[in-house]
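Me: Could you walk me through the side-chain packing and the backbone details in this one? I'll ask as we go.

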Amino acid sequence: MEVNSVDPYEKLNLVRNPDGTITRNSIAPDVPATGEISDSDVLTKDVPLNEANATSVRIYRPNNATKDSNLPLIIFYHGGGFILFSAASLPFNELCVRMARELPAVIVSVDYRLAPEHRLPAAFEDAVAAVLWVKTQASDKSNGEPWLTNYVDFSKCFIMGNSAGGTMVHYAALGLQKLGSDELQSIKISGLILNQPFFGCVQRTASELRKLNDQIVSLASTDLMWELSLPIGADRDHEYCNPVVKGLSESDIEALNSQKCLVYVGGEDPLMDSQKAYMKMLEESGVKFETYYDEKAYHAIELFEPEKCQNLFKAIRDFIY
């Protein structure tokens with residue numbers, strides 16, 4: 001077996017501060033929004049979500065869209081182990097640009113609060129808040145965000161996330177269920193897309209041990225991410241990390257069955273076994289879902305080698321159209 005030789009702080013370019021916060025020395029630059037006037041094929045702009053929490057959304061709109069396009073809307077949560085990146089970070093900005101252009105769709109990418117400054121469930125709360133923000137825009141055709149009200153078919157809203165963002169999709173669906181169906185009048189959540197969701201457990205899985213020093217999600221890095229993001233004192237069998245321990249209640253099952261669900265799994269992803277355990281829980285609970293499996297895909301491959309993800313984009317396109 002490989003020796004766990006990765007220093008996660010060095011790998012992730014982090015410094016832990018005495019007050020429990022972390023200094024993030026950027027491993028990916030932020031990209032400014034294009035604004036309304038641009039020759040880019042996808043236009044972007046940033047809009048506040050919750051000023052008290054310093055959260056926002058970045059909206060992506062195909063430049064060639066017309067006001068009768070009636071495009072589907074994807075509410076997107078970026079990855080980063082709950083501790084890294086933003087909606088403006090280069091790899092996620094490029095991914096959302098590509099989705100907006102190629103699907104096509106309008107994307108609302110959520111700049112949510114990060115741990116350890118804001119431990120879970122803060123990110124899950126922000127995930128729900130973003131969906132409710134979209135609902136507010138749809139409810140007010142006169143004063144709502146025009147990039148949504150003019151270009152979006154609100155009966156075709158999807159919630160999507162990759163890695164930690166995929167985990168957020170699961171908990172956003174459960175959180176929205178608790179609010180009741182009346183809360184989401186004026187929009188319809190038509191599907192959930194969990195792209196290589198970030199789950200784990202105390203027991204080391206075979207896929208984790210086989211890829212112990214993985215370049216993207218080494219075991220040392222994921223241990224650190226969970227240590228910094230879970231409630232203080234919790235371990236990797238906490239429900240936020242390992243939902244299998246608690247299982248699904250009847251209302252959870254109803255929430256997940258109220259729309260389509262797509263789970264993407266990569267055969268070279270160290271998190272694969274935890275994702276399979278999650279899908280087994282769904283199956284045994286009677287939750288219907290689709291799986292897209294790519295035997296050769298490593299974690300977050302769509303960020304590093306998008307040219308190898310044409311089939312994934314086709315699966316997403318087929319799912320939302």
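Me: Which residues form one aromatic cluster?
Reply: In this predicted model, F82, F124, Y171, F198, W226 and Y240 come together as one aromatic cluster.

Me: And how many aromatic pairs does the count come to?
Reply: The count comes to 12 aromatic pairs. Take Y264 and Y292 as an example: their ring centres are 5.4 Å apart and their planes stand at 40 degrees, so this pair is tilted. The angle decides this, because planes under 30 degrees apart count as stacked and those over 60 as edge-to-face, with the rest called tilted.

Me: Where do Y264 and Y292 lie?
Reply: Y264 belongs to strand β9 (residues 260-266) and Y292 to strand β10 (residues 290-294), so the pair ties together parts that are 28 residues apart in sequence.

Me: Is Y264 buried or exposed? And what about Y292?
Reply: Y264 is buried, with a relative accessible area of 2%. Y292 is buried as well, at 18%, since the term applies under 20% relative accessible area.

Me: Next, charges over rings. Which ring does the charged end of R61 sit over, and which one for R98?
Reply: The charged end of R61 sits over the ring of W147, at 4.6 Å from its centre, while that of R98 sits over the ring of F313, at 3.8 Å from its centre.

Me: Switching to helices: at what angle do α5 and α9 pack?
Reply: Helix α5 (residues 164-179) packs against helix α9 (residues 250-257) at an angle of about 110 degrees, and their axes are 9 Å apart. That angle makes α5 roughly perpendicular to α9, and the crossing is right-handed.

Me: Which residues make the contact?
Reply: On the α5 side they are H170, A173, L174 and Q177, and on the α9 side S251, D252, E254, A255 and L256.

Me: How many residues of helix α7 are buried?
Reply: In helix α7 (residues 219-229), 9 of the 11 residues are buried, so the helix is largely enclosed by the rest of the structure. The buried ones are L219, A220, S221, T222, L224, M225, W226, L228 and S229, and they pack against α1 (8-12), β1 (14-16), β2 (22-24) and α6 (206-210).

Me: Now the backbone. Which residues does a cis peptide bond join?
Reply: One joins A115 and P116, with omega at about 5 degrees, and the peptide bond from L120 to P121 is also cis, with omega near 20 degrees. P116 is located in the loop between β6 (106-111) and α3 (122-139), and P121 is found in the loop between β6 and α3 too. For background, most peptide bonds are trans, and most residues other than glycine have a negative phi.

Me: On phi, then, what value does A54 have, and where does A54 lie?
Reply: A54 is a residue other than glycine with a positive phi, near 55 degrees, and it lies in the loop between β3 (42-50) and β4 (55-62). At 65% relative accessibility, A54 counts as exposed.

Me: What about A300: what is its phi, and is it buried or exposed?
Reply: A300 has a positive phi of about 65 degrees although it is not a glycine. Lying in the loop between β10 and α11 (301-304), A300 is buried, with a relative accessible area of 9%.

Terms used. Residues are numbered from 1 along each chain as its sequence is written. This is a predicted model: local features need pLDDT of at least 70, side-chain atom pairs count only at pLDDT 80 or more; totals for chains, interfaces and linings use all residues. Side-chain values use heavy atoms; hydrogens and water are left out. Rings of Phe, Tyr and Trp (its six-membered ring) pair if their centres lie within 6.5 Å; planes under 30 degrees apart count as stacked, over 60 as edge-to-face and the rest as tilted. Helices (H or I, at least four residues) and strands (E, at least two) are DSSP runs, numbered from the N terminus. Buried means under 20% relative accessible area, exposed over 50%, partly exposed in between (1.4 Å probe, protein chains only). A charge sits over a ring if NZ of Lys or CZ of Arg is within 6 Å of the ring centre and within 35 degrees of the ring normal. Axes are lines fitted to C-alpha atoms, for helices over the stretch in contact, and angles run from 0 to 180 degrees between N-to-C directions. Angles under 35 degrees count as roughly parallel, over 145 as roughly antiparallel, 65 to 115 as roughly perpendicular and the rest as oblique. A crossing is left-handed if the near helix is turned anticlockwise from the far one by less than a right angle, and right-handed if clockwise. Contact means heavy atoms within 4.5 Å.
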